[in-house]
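Work through the exercises below with the model open. Try each task before reading its solution.

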Amino acid sequence: MDEETRYEAVSSRDARFDGEFFFAVETTGIYCRPSCPAVTPKRKNVRFYPTAAAAQGNGFRACRRCRPDAVPGSADWNVRADVVGRAMRMIGDGVVDREGVPGLAHRLGYSARQVQRQLNAELGAGPVALARAQRAHTARVLLQTTALSVTDIAFAAGFASLRQFNDTVRQIYARTPSALRTEAGTGLGAAVREARTTGIPLRLAHRGPYAAREVFDLLAAETVTRVEEVSGEPGGRTYRRTLRLPYGTGIAAVDERSAGSWLEARIHLTDLRDLTTAVQRLRRLFDLDADPYAVDELLAADPLLAPQVAARPGLRSPGAADPEEFAVRALVGPSAAGELVETYGKRLDVPCGGLTHVFPEPGVLADAAPGPELRALAAALADGGVRLDAGADRDEAERALSRLAGVGPATAALIRMRALGDPDVDPYGTPGSERWRPWRSYGVRRARSAGRVPG
């Protein structure tokens, strides 16, 4: 898109581009999402930025009406396999907060200077600024949804000091943390301050229509007992699962009924520093950063898929909340995975209903699991021979998986599609799927729903 096309999107308040770019108004010092309901500013006063961090770095603060920090992420980061796309996925997963820029660069196989240069050149902000913008959003969520102290929130969001936290919030939101907490009209309300007992309530934003029924049907069919459960009737179901996270464990619940442009969710964490990572893993599981407009436009050109696209727009290609867990499940199947949980899984300190365990770590399975194929996969995951983290190289991961005994091409491709969130994979050899590029993962979902792919 050139700048004139972006301005047309802003003038028409086109929500399809929320998260794809941001615009800032020089006369007000505010940046917004394209669908902001405020009066459209004059073209001469508008500047465009590829990320919220770039707008913040140029001195603009977030709009109070449209909350540009709460938009879905750009679908580009799921599509792209280059260093910028991989870096953005890892920053979203909290790698910079936990390991710093050197840790991010090491995972990418580049120097810190090279990563800094590439992100600045394309996104207008380096890894520190991008992580800072994400921390600010996490802080706002905690301020407005929990009764935690400001100090606890500062460190839970990933800030190194209370002063850094206060300065960042003032710069981005033009308010103190206390003022941000007490302000009205955010849509979150004071009642949710009971989050210490009910979990942190979240609105997981998505772009465009969201075909939730098919996602929940798939999750219900794949449920592994003790780790996952789906309750309720179709249309009003809740998906709940345990999470193994960098600092502790968590339990997440997501409701099927989409409330406008988001899914309602709640997360219980043993360590609040895991909030950013937990949210990103749910976003990948539910494929919330997808661009359904681009996907449906291409798939609607297929005469066999067009009726289904028209009837059920916004079909997603679900990912995985834990990539390593999914790889094991893809190899052994749901029933055997449940047996692994019962035998080798770690029990929660406080079970919640049918959720009693987190899925066993690869290192545990590598030493004790039955079957040489499973032990080989678990060992490769444990020692880094196979990398499935948010920034993994998808081609290399698939090659490494295919070298393992018992992991055939179809299983490796399925892991690539789900665990690595690749939008352009066909694990089933679907006839004619080449014409669905670069959205074969979505075309396969459509074809399976229509009964064109067995299983």
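This is a predicted model: local features need pLDDT of at least 70, side-chain atom pairs count only at pLDDT 80 or more; totals for chains, interfaces and linings use all residues.

**Exercise 1. Decide which residues of helix 6 are buried and what they pack against.**

Solution. 
- Step 1: Buried means under 20% relative accessible area. Val 115, Leu 119 and Leu 123 of helix 6 are buried.
- Step 2: View helix 6 down its axis. The buried residues fall within an arc of 25 degrees, so they line one face.
- Step 3: Turn to the other side of helix 6. Arg 113 and Ala 121 are exposed there.
- Step 4: Find the partners. The buried residues pack against helix 2 (52–57), helix 3 (76–79), helix 4 (83–92), helix 5 (95–108) and helix 7 (127–145).

**Exercise 2. Describe the second largest pocket by volume, lining and residue class.**

Solution. 
- Step 1: The volume is about 460 Å³.
- Step 2: The lining has 21 residues, and Met 1, Arg 6, Glu 20, Phe 21 and Asp 76 are the closest to the pocket centre.
- Step 3: Assign elements. Helix 1 (3–11), strand 3 (46–49), helix 3, helix 6 and helix 14 (292–299) each give two or more residues. Helix 14 gives the most, three.
- Step 4: Sort by class. The lining has eleven nonpolar, one polar and nine charged residues.

**Exercise 3. How many cavities of 30 Å³ or more does the structure hold, and what lines the largest cavity?**

Solution. 
- Step 1: There are three such cavities. The largest holds about 90 Å³ of space.
- Step 2: Its lining has 14 residues, with Glu 228, Arg 241, Ala 320, Phe 326 and Arg 329 nearest the centre.
- Step 3: Helix 12 (212–222), strand 7 (238–244) and helix 16 (323–332) each give two or more residues to this lining. Helix 16 has the largest share, three residues.
- Step 4: The classes are six nonpolar, one polar and seven charged.

**Exercise 4. Give the volume and lining of the second largest cavity.**

Solution. 
- Step 1: The space in the second largest cavity is about 70 Å³.
- Step 2: Of its 13 lining residues, Cys 63, Arg 67, Arg 140, Tyr 173 and Arg 175 are the closest to the centre.
- Step 3: Five lining residues are nonpolar, two polar and six charged.

Key:
Residues are numbered from 1 along each chain as its sequence is written. Side-chain values use heavy atoms; hydrogens and water are left out. On a 1 Å grid over the protein atoms alone, a cavity is a set of points where a 1.4 Å probe fits but cannot get out, and a pocket is an open set with protein on both sides within 12 Å along at least five of seven lines; lining residues have an atom within 4 Å of a point. Grid points are joined across faces, edges and corners, and a volume is the space filled by probe spheres set on the points. Helices (H or I, at least four residues) and strands (E, at least two) are DSSP runs, numbered from the N terminus. Ala, Val, Leu, Ile, Met, Phe, Trp, Tyr, Cys and Pro count as nonpolar, Asp, Glu, Lys and Arg as charged, and the others, Gly among them, as polar. Buried means under 20% relative accessible area, exposed over 50%, partly exposed in between (1.4 Å probe, protein chains only). The arc is that of the directions from the helix axis to the C-beta atoms. Contact means heavy atoms within 4.5 Å.
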